[in-house]
Amino acid sequence: MMKQKPSQRLQTVLKLAQIKEQQAAGQLADSIRNLSAQQQQEQQFTIYKREYSEQFKHVGSESGSERISASQLANYQRFYGSLEAAGNTQHEQVELASQQQEQARTQWQQQHSRQKNMGKLVDQKRQQEESEIEKKLQREQDDRVTYVWGDQLESRK
């Protein structure tokens, strides 16, 4: 069995680097989708909270047909407090998703760089091997020419 060339052995390492880069790209895509979903949910909380506040203002205004009781006001404040807490929690989720996205981006950039560098190394090794083969063939041709010319010179003497 013939020994593998260095470029062929490195090709295996390159394939592994490509797989790792693809996995990192998939994780980056997932983190981008997650961040987008978390931001959208945060916006929905903000809109709902604003709408709820506006609705309550209209109920309690003088143009409203009825005044609200103290218990209704307490319920409103409790519910609004719950909305605030949920909004804060959602904001924390957005921050966490943003950090995870940055980590995934950094990981992908590292894997992409490794894969690119490994590809360059494989190409360099392949070119080096081809150059060595060409030099060897040239030496063999030179030796044959020298041998043939040497025989012809010997026979003319």
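Author: A residue is called buried when its relative accessible area is under 20%, exposed when that area is over 50%, and partly exposed in between. The model discussed here is a predicted one.

Reader: Why is Leu 14 called buried?

Author: The relative accessible area of Leu 14 is 8%, and the cut-off for buried is under 20%, so Leu 14 counts as buried. Leu 14 belongs to helix 1, and, apart from residues up to four places away in sequence, Leu 14 touches Gln 115, Met 118, Gly 119 and Val 122.

Reader: What makes Gln 115 buried or exposed?

Author: Gln 115, a residue of helix 2, has a relative accessible area of 14%, and because buried means under 20%, Gln 115 is placed among the buried residues. Beyond its neighbours within four places in sequence, Gln 115 is in contact with Leu 14, Ala 17, Gln 18 and Glu 21.

Reader: How do you know that Gln 90 is buried?

Author: Its relative accessible area is 6%, and as the limit is under 20%, Gln 90 is therefore buried. Gln 90 lies in helix 2, where its contacts, leaving aside neighbours within four places in sequence, are Gln 38, Gln 41, Glu 42 and Phe 45.

Reader: Why is the aromatic pair of Tyr 48 and Phe 79 called edge-to-face?

Author: Among the 5 aromatic pairs found in the whole structure, that of Tyr 48 and Phe 79 has its centres 6.4 Å apart and an angle of 85° between the planes. Because Tyr 48 lies in helix 1 (residues 6-60) and Phe 79 in helix 2 (residues 70-156), the pair ties together parts that are 31 residues apart in sequence.

Reader: What makes the pair of Tyr 52 and Phe 79 edge-to-face?

Author: The ring centres of Tyr 52 and Phe 79 are 4.9 Å apart and their planes stand at 65°, which is over 60, so this pair is edge-to-face as well. Since Tyr 52 is in helix 1 and Phe 79 in helix 2, the pair joins parts 27 residues apart in sequence. Tyr 52, at 19% relative accessibility, counts as buried, whereas Phe 79, at 34%, is partly exposed. Both residues belong to a cluster in which ring pairs link Tyr 48, Tyr 52, Tyr 76, Phe 79 and Tyr 80.

Reader: How do you know that Lys 49 forms a salt bridge with Glu 84?

Author: The closest N and O atoms of Lys 49 and Glu 84 are 2.6 Å apart, and the limit is 4 Å, so the contact qualifies as a salt bridge. Because Lys 49 lies in helix 1 and Glu 84 in helix 2, the pair ties together parts that are 35 residues apart in sequence. Lys 49 is partly exposed at 23%, and Glu 84 is partly exposed at 29%.

Reader: Why is Arg 33 called exposed?

Author: Its relative accessible area of 52% is over 50%, so Arg 33 counts as exposed. Its salt-bridge partner is Asp 30, with the closest N and O atoms 2.4 Å apart, and both residues lie in helix 1, 3 residues apart, about one turn of the helix. Asp 30, with a relative accessible area of 44%, is partly exposed.

Methods:
Residues numbered from 1 in each chain as written. Predicted model: local features only at pLDDT ≥ 70, side-chain atom pairs only at ≥ 80, totals over all residues. Heavy atoms only, no water. Phe/Tyr/Trp six-rings, centres within 6.5 Å; stacked < 30°, edge-to-face > 60°. Helix = DSSP H or I, 4+ residues; strand = E, 2+ residues; numbered from the N terminus. Buried < 20%, exposed > 50% of the residue type's maximum accessible area, 1.4 Å probe, protein only. Contact = heavy atoms within 4.5 Å. Salt bridge = Lys/Arg side-chain N within 4 Å of Asp/Glu carboxyl O.
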